[in-house]
Every structure is written in C-alpha cells, then in structure tokens.
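Thanks, everyone. I will go through how two chains are arranged and how they meet. Please have a look at the screen.

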2 protein chains.
Amino acid sequence: MIVMDETLNNTADEIGDPDAAVDLGLLTNLLGYALRRAQVAVFADFHRRFAAEDIRPAQFSVLQVLRHNPGLRQAKVSAALGVKRTNFVPLFDVLETRGLAERRKVPGDRRASALFLTSAGEALLDRLDATIAGHEGRFVARVGGQEAKAQLLGLLRRLIEPDADDT
Amino acid sequence: MIVMDETLNNTADEIGDPDAAVDLGLLTNLLGYALRRAQVAVFADFHRRFAAEDIRPAQFSVLQVLRHNPGLRQAKVSAALGVKRTNFVPLFDVLETRGLAERRKVPGDRRASALFLTSAGEALLDRLDATIAGHEGRFVARVGGQEAKAQLLGLLRRLIEPDADDT
DNA sequence: TATTGTTATACTCTATAACTATA
DNA sequence: TATAGTTATAGAGTATAACAATA
C-alpha cells in the first residue's frame, strides 16, 4: 500500500462492475466472522422450525438440561448454559408461566430453587426432539455427513474451552 | 423411559453429588449449540481487545468492507454483511460521527450514497489489523494451527451457503 | 412500480447494580 | 461475609411498517 490519498485512486467499484461480488477483505479468513455467519444461518433454521411451538434456542436448552438433570439448582442450570443468573429469572419465568417447568423449594436450603420439567414440559420436549432431528440433519448434510460433523464439533469445542470468567 | 410420574423417581442430582457436571443432553451433539458457544467465546476475546478503541465486531466489519470496496453503495455494504439496511443506518451514523467513514453523493443516482473510509478511518484500521492478528492467532492456536483453521473455515462455509431469504 | 435511504418502534439478549432472605 | 434468587434498568442487536425522494 503506497497510495496515500484516501480518494483519488479508487472512486467506486460500481462503475467498473455493478454486480461485482463484495470483497470482505480480512473477514474472509476470520474465524469469528465465519462463526457468526454460520451460527446465524443455523439459528435461522431453528427459528423457522420452532416458530409453531414458540420455542427459542435458549428455552430449548433449558428444557433439555432439566430433562437430564431434574431438580438441579437454578444457579447451576444458568451457569451450565452460560446465562447470567439475573437473566435466567425471566427466561425461566416464561417456561413456568407456560406450565412447561417449575421451581420447587429445596429442603436443605431455603434460599434455593430446584428446577423440574412438568409433564406438559416432558411431552413438549418429546415433540421438540423430533423437530430438532430434522433441523440437525439438514446441517449434517450440508457439512458432509456424520464424520464431518464430528470433526466440526471437535474443532468448535477447542475454541470454547477455558475463559475462566464465565457467568 | 418407563417411569411415569414426573417427580417420584429423581429428586435432585445435588444430593448424590453436589459438584456433578451438568448433563447437557442433546445439546452436547448439536451443531447450533457448539456454534453458539464458540462464537460467544471468540467474540468475548474480540470485545476485550477492542474495548480500548471502542470498536465492535459489526463496526470492524464495515470498516474492512469499505477499505476493500471504496465507494460501494450503502445498500450493498449492508447486504454483504447481512445487516438489514434499516439497521445499517445508525450503525454507519456512529462511524461517520466519529470521523472514521463518510457518505458521499453518487453522480448517477441522487438517491444513493457511496461509502468511504476517511483518512482517520484508514489509520484506525491499520491499528485494528494489528490487533486482530493477535486475536486470530489465539484461536488458531486453540484449534491446532493453520491447517486446522483452514479445515474449520471450510466446514463453517458449508453451513452458511444459500438461505435465499437474506437481508 | 421499484429502489435507496430513512424514521419510528418493538422485542430479544445481554450487562450492571443493588436488594432480600437466607446460610 | 457469602450465596441464591430477584428486581430494575440500560445497552446492543434485530425485526417490521411506513415514509420521502428518486429511478
């Protein structure tokens, strides 16, 4: 880069080629950028498929955790999902109001709440699990099969790791 | 699963093992979940490193595109980055107010705006490019080197693809 | 009629501070 | 003093509808 003036050299790509592909520069090889675009694409499909049940990704993740860890403390659920405990309150309130999950008092500690799915929540989750299969299948196909998916998951997990200062 | 009552069988994992790792169930093998956690981890590092310059990922991406496509129409920049044109307005306003980029009227079309970096924007971007190198290097190391990164980028790009109904 | 940029607006997500009741 | 849950609040990010100017 020897050109010094900010405008005299290159006025507008538009003139040369109206439909030229946009050059993303550094972004093309940035992991963060690719991650963001991929996550948005996958979540867009999630939203389409779960719009009928009115379930968002965060709500789905809470239901999943409760199914596999019934009675887990609220603070542990939020920490496991990377949601601040303060933001977890309204998130769970919605599930509770909808009758999908509930808080129960813990015998040993009168401050704590143990979280459970209701039977309605279990039933809904059974349906959601079927829906998620179609969703996941779509992207497994895109990456090139189960083996490619396993490879991708392995690489993604290496990115997540420590970070210490989590919620 | 033969147990029918939603509460009699499993009261709380807490009792058996207070610090037991939380079982994420299906989430463990969901691409969307891993993508989300990885993206959050990478963006958290981005925020830490760019906090001093007060630059967010979206702002950085706009500056990059302008450097590589000076004079590009506003609508094309926003579309290239997947930002709705309506949300792009305040995003670019900030950059313009800070003197990093600017709108210029296009001769041929009096409705349109061509976007450019200012010299201050160019200068800032030079510094940002140095910062991003450290950021990217951290995650390249985490995934296991340049080869692993290339592999990961390839897999992520397969996830992005069509989607047709983009901004 | 369609496109470019804009305003207004609303909803979700995320972040911080501070409170309560317990421990 | 520390922890569990909560409230209030503010800031981003993202979504839709509608408008003016221009094509």
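Chain B can be laid on chain A with an RMSD of 0.0 Å, by a turn of 180° and a shift of 0.0 Å along the axis; the superposition is by least squares on the C-alpha atoms of residues with pLDDT of at least 70 in both copies. The two copies are thus related as by a two-fold rotation axis.

This is a predicted model, where local features need pLDDT of at least 70 and side-chain atom pairs count only at pLDDT 80 or more, while totals for chains, interfaces and linings use all residues. Residues are numbered from 1 along each chain as its sequence is written, chains are lettered from A in the order in which they are written, and side-chain values use heavy atoms, without hydrogens and water.

Now the interface. Counting contact as heavy atoms within 4.5 Å, 75 residues of chain B touch 74 residues of chain A. Of the interface residues of chain B, 99% are also interface residues in chain A, so the copies meet through the same surface.

How much area is buried between chain B and chain A? About 6,800 Å², with 61% from carbon and sulfur atoms; this is accessible area (1.4 Å probe) lost on putting the two parts together, summed over both. In chain B, the residues losing the most area to chain A are B:Leu31, B:Arg142 and B:Leu159, together 10% of what that side buries.

Between the chains there are zero salt bridges (a side-chain nitrogen of Lys or Arg within 4 Å of a carboxyl oxygen of Asp or Glu).
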